[in-house]
Amino acid sequence: MDFRLLRYFVAVAEELHLARAAERLGIEQSAVSRAMRDLENQLGVQLFDRSTRLTRLTWAGQVFLGECRRVQATVEQAVKSAKAAAQGYQGSLRIAICDSLAQPRIATLLARSREDEPELEIRVFELPFAQQIKMLHNDLLDIGFALSNAVHDGLVAEPVWTDPLSVIVPARHPLLAHVQVPLAEALKFPLVLCHPESGSGCRHQIQTMLQDASTPLKLVDEVTSLGVMLTLVGAGYGIGFAIASQVQTLQRPDISIRPLAGIPPTLSTYLLRRQGEPSEPMKRFIERVKDEAAPVDDEPVL
């Protein structure tokens, strides 16, 4: 497929106006219109809803727009890397994190990397586990952080740290009477959990913890992201489990956090990469990851 068509499509999809898109691209409006028809013919799908006077994206068009933006970002990175290599500099890393991770740790790693190697270019993406695997295989990603170690041949998953799980409840809830919540008490209430097919690894690890409990689960909903889980918990649909440090950064007034009583179960985070000798920038970054892996206590939010 002609990359030019993708570039034209992104302009039209973002402007939702052929004339403005043509002006942005510096070409005639008729050329843009022909390019969109050619693109739809090549794909065999309708990207724009032309049933009204307004130009709108179909659902297929919205999905395609997201993928085109990723392609553009990859091409732009390739150009930058080639120019940097021509100047004798090859320091860059492409790093992905999944939605359910404790991002303060990642922020600490990035801040230290910027301090230690200000010339190192690091690009960070939020990608689900399955997408990380695909991009690692296709050499479109250097490092991934996820809650699953179910990688395929050619990839390795190294455990790097663990974080204690906490109970996430609505701002007003009976469990808030506990400074530390016994798991058996928490399981008396409806649960909002990660969907098992989301592939994040979060559900698998939490499910292992819940299997040790004798109380039958009251599963009210399954979600594909931390944000949706917190929204449903805040609305009173049920309670959830998450890493406290991740939730605290969101500062949501509709939810509260309580640690689990006793020795709390933990979620393991894995560093994903391709097999083989890592690049020098990757080696140094992995060393920082190992330094960051020292245990960090989560203070309860009362």
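Guide: α4 (59-86), β3 (92-97), β4 (121-126), β11 (266-274) and α11 (280-292) each put at least two residues into the lining of the largest pocket. Those labels come from DSSP runs, numbered from the N terminus: helices are H or I with at least four residues, strands are E with at least two. The top contributor to that lining is α4, with six residues.

A bit of housekeeping before going on. This is a predicted model, with residues numbered from 1 along each chain as its sequence is written. Local features need pLDDT of at least 70 and side-chain atom pairs count only at pLDDT 80 or more, while totals for chains, interfaces and linings use all residues, and side-chain values use heavy atoms, with hydrogens and water left out.

Back to the pocket. The largest one holds about 480 Å³ of space. Its lining comprises 26 residues, and the closest to the centre are Arg94, Asp139, Leu140, Asp142 and Arg274. "Pocket" here means an open set of points on a 1 Å grid over the protein atoms alone, where a 1.4 Å probe fits and protein lies on both sides within 12 Å along at least five of seven lines; lining residues have an atom within 4 Å of a point. For the volume, grid points are joined across faces, edges and corners, and the space filled by probe spheres set on the points is what counts. By type, the lining splits into nine nonpolar, eight polar and nine charged residues. The sorting takes Ala, Val, Leu, Ile, Met, Phe, Trp, Tyr, Cys and Pro as nonpolar, Asp, Glu, Lys and Arg as charged, and the others, Gly among them, as polar.

Asp139 deserves a stop of its own. This residue sits in the loop between α6 (129-137) and β5 (143-146), and its phi is near 60°, a positive value in a residue other than glycine. Most residues other than glycine have a negative phi. With a relative accessible area of 42%, Asp139 is partly exposed; buried means under 20%, exposed over 50%, and partly exposed in between (1.4 Å probe, protein chains only). Leu16 has a positive phi too, near 55°. Leu16 belongs to the loop between α1 and α2 (18-25) and is partly exposed at 35%.

Side chains of opposite charge can pair when their charged atoms come close. The structure holds 22 salt bridges, each being a side-chain nitrogen of Lys or Arg within 4 Å of a carboxyl oxygen of Asp or Glu. One of them joins Arg69 and Glu14, with the closest N and O atoms 3.2 Å apart. Arg69 is in helix α4 and Glu14 in helix α1 (residues 3-15), so the pair ties together parts 55 residues apart in sequence. Both partners are partly exposed, Arg69 at 42% and Glu14 at 35%.

The other two pocket-lining elements to revisit are α11 and β11. Arg112 and Asp291 meet in a salt bridge at 3.0 Å, N to O, linking helix α5 (residues 103-116) with helix α11 across 179 residues. Arg112 is partly exposed at 34%, as is Asp291 at 46%. This pair belongs to a salt-bridge network of Arg112, Asp116, Glu117, Arg284, Arg288 and Asp291.
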